[in-house]
Structure formats: structure tokens, C-alpha cells
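Hello,

Here is the structure I promised to pass on. My notes follow below it.

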Amino acid sequence: MNDQPSSPKAHKMRKLKALETREKIYKCANELFQEKGFEQTSIVDIAEAAGISVGGFYHYFKNKEEIISIWLSDFDLHYQEFYTQLLSDPSINRLNALDKIRIIMIGADKTFVAPGFAITRMSYTLMMQESEASEVIMAPQRDYYGIIRGLIDEGKEQGDIRED
């Protein structure tokens, strides 16, 4: 056995390869989720599509729900950027909260529909099930929900949205 420490270059190459593998697994899983549905896609399916072993999958992800969680984090990041950009437009700031919510919801449709209707269907299906995936999707601390809650509060303050 070689007791020599690996070179910084070799270490960097292994980390890069690991990131590439993780990204490949993520992409393959999302494609399969769109094609077959979340529940019908197995870890074996994902591993085979990514060209890795099932154990390799578990080296990078703890379960399928973690992949959904990452997808939602990406979605929320997109929304945070979209909302920040929206607020930088003076004409948007003059709108009432309901109109801002409409603009945000249209943005949500474009984000969900752009990757394909299957992701939208999968997300809404998972929301209605009691599972770890639905808990991730419906987590109240998600940025997306924070933006909507903030706009609802603004609408209540402006009198555009009733308390009841």
C-alpha cells in the first residue's frame, strides 16, 4: 500500500470527478422523474441511468427526496433572484401586492412549465402525498413561501387582502 499522500492535483481531480458524478446522477434522476414519475423511479433506475452502482448513488445522495430537495433549492434560488430583480423595477414597486403576487405566480408557471409538464405534475402529486418529499416541497421555511407570505402581509397592510 502506498503511504504517500496524494498530490494536491490528484485531490483536486478526484473532487472534480465526484462533482461531475453527483451532477450526472442529479440530471439522470430528474429525467427519470419526468419520464416515469417520482414514485415509479427506483434508486436502481437512477444508478443504471447514471452508470454507477446503487452503493455509488448512496455515496452521493441519501435518498430520492434529497434530489427533490436540491431541485427545490434551485427553484427557490431562481425565485429569490427573480423577486430581487422584480423589486429593482420602479414600476413594479408602484403595483399593489395582489398584482405583485400575480407576477410572481406567472414566474412560477414559467419556471415549472419550462422544464416540462412532468415536473409540474410530479411536484403537485408529491405535495398531496404524505412523504418526506411532500414535507420538503411544503416546508414553510422555503424562500418561495417566504416571498409569497411577505406579499400577502403587504397586501393586508395596504387593505388589498382581507384578514379572513
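Glu-66 pairs with Arg-22, and their closest N and O atoms are 4.0 Å apart. This pair links distant parts of the chain: Glu-66 sits in helix α4 and Arg-22 in helix α1, 44 residues apart. Glu-66 is partly exposed, at 24% relative accessible area. Arg-22 is partly exposed too, at 27%. Please keep in mind that this is a predicted model.

**The overall picture**

The chain has nine helices and zero strands. Along the sequence the pattern reads α-α-α-α-α-α-α-α-α. Of the 164 residues in the chain, 37% are buried. Among contacts with a separation of 6 or more, 61% come from residues 24 or more positions apart.

**α1 against α4**

The Glu-66 and Arg-22 pair bridges these two helices. How are α1 and α4 packed? Their angle is about 95 degrees, and their axes lie 10 Å apart. The two helices are therefore roughly perpendicular to each other. From α1, the contact uses Arg-22, Tyr-26, Ala-29, Asn-30 and Phe-33. From α4, it uses Lys-64, Glu-66, Ile-67, Ile-68, Ile-70, Trp-71 and Asp-74. By class, that contact has seven nonpolar residues, one polar and four charged.

**The cores**

Phe-33 and Ile-68 also matter for the next item. The largest nonpolar core has 21 residues, and these two touch the most other members. At least two residues of this core come from each of α1, α2, α3, α4, α7 (117-127) and α8. The most come from α1, which gives six. Ile-68 touches Phe-33, Phe-38, Met-122, Leu-126 and Ile-137, leaving out residues up to four places away in sequence. There is also a second, separate core of 12 residues. Its members include Phe-75, Ile-104, Ile-147 and Leu-151. As background, nonpolar side chains tend to be buried together in soluble globular proteins.

**α4 against α9**

Three of those names come back here. Helix α4 (residues 64-87) packs on helix α9 (residues 143-158) at an angle of about 35 degrees, with the axes 8 Å apart. On the α4 side, the contact is made by Phe-75, Asp-76, Tyr-79, Gln-80 and Tyr-83. On the α9 side, Asp-143, Tyr-144, Ile-147 and Leu-151 take part. The classes are six nonpolar, one polar and two charged.

**A buried arginine**

Where does Arg-142 lie? Arg-142 is in the loop between α8 (132-137) and α9. Buried or exposed? Arg-142 is buried, with a relative accessible area of 10%. Its contacts, apart from neighbours within four places in sequence, are Leu-72, Phe-75, Asp-76, Val-136 and Ile-137. With Asp-76, the side chain of Arg-142 meets in a salt bridge of 2.7 Å, N to O. Asp-76 is in helix α4 and Arg-142 is in the loop, so the pair ties together parts that are 66 residues apart in sequence. Asp-76 is buried as well, at 6% relative accessible area.

Asp-45 forms a salt bridge with Lys-36, with the closest N and O atoms 2.6 Å apart. Asp-45 counts as buried because its relative accessibility is 19%, and the cut-off is under 20%. Lys-36 counts as partly exposed, at 33%. After α2 comes Gly-51, which has a positive phi, near 75 degrees.

**Salt bridges, in sum**

How many salt bridges does a search of the whole structure find? The search finds six. Those described above are among them: Glu-66 with Arg-22, Asp-45 with Lys-36, and Arg-142 with Asp-76.

Best wishes

Technical notes:
Residues are numbered from 1 along each chain as its sequence is written. This is a predicted model: local features need pLDDT of at least 70, side-chain atom pairs count only at pLDDT 80 or more; totals for chains, interfaces and linings use all residues. Side-chain values use heavy atoms; hydrogens and water are left out. Axes are lines fitted to C-alpha atoms, for helices over the stretch in contact, and angles run from 0 to 180 degrees between N-to-C directions. Helices (H or I, at least four residues) and strands (E, at least two) are DSSP runs, numbered from the N terminus. Contact means heavy atoms within 4.5 Å. Ala, Val, Leu, Ile, Met, Phe, Trp, Tyr, Cys and Pro count as nonpolar, Asp, Glu, Lys and Arg as charged, and the others, Gly among them, as polar. Buried means under 20% relative accessible area, exposed over 50%, partly exposed in between (1.4 Å probe, protein chains only). A nonpolar core is a set of buried Ala, Val, Leu, Ile, Met, Phe, Trp, Tyr and Cys residues joined through side-chain atoms within 4.5 Å. Angles under 35 degrees count as roughly parallel, over 145 as roughly antiparallel, 65 to 115 as roughly perpendicular and the rest as oblique.
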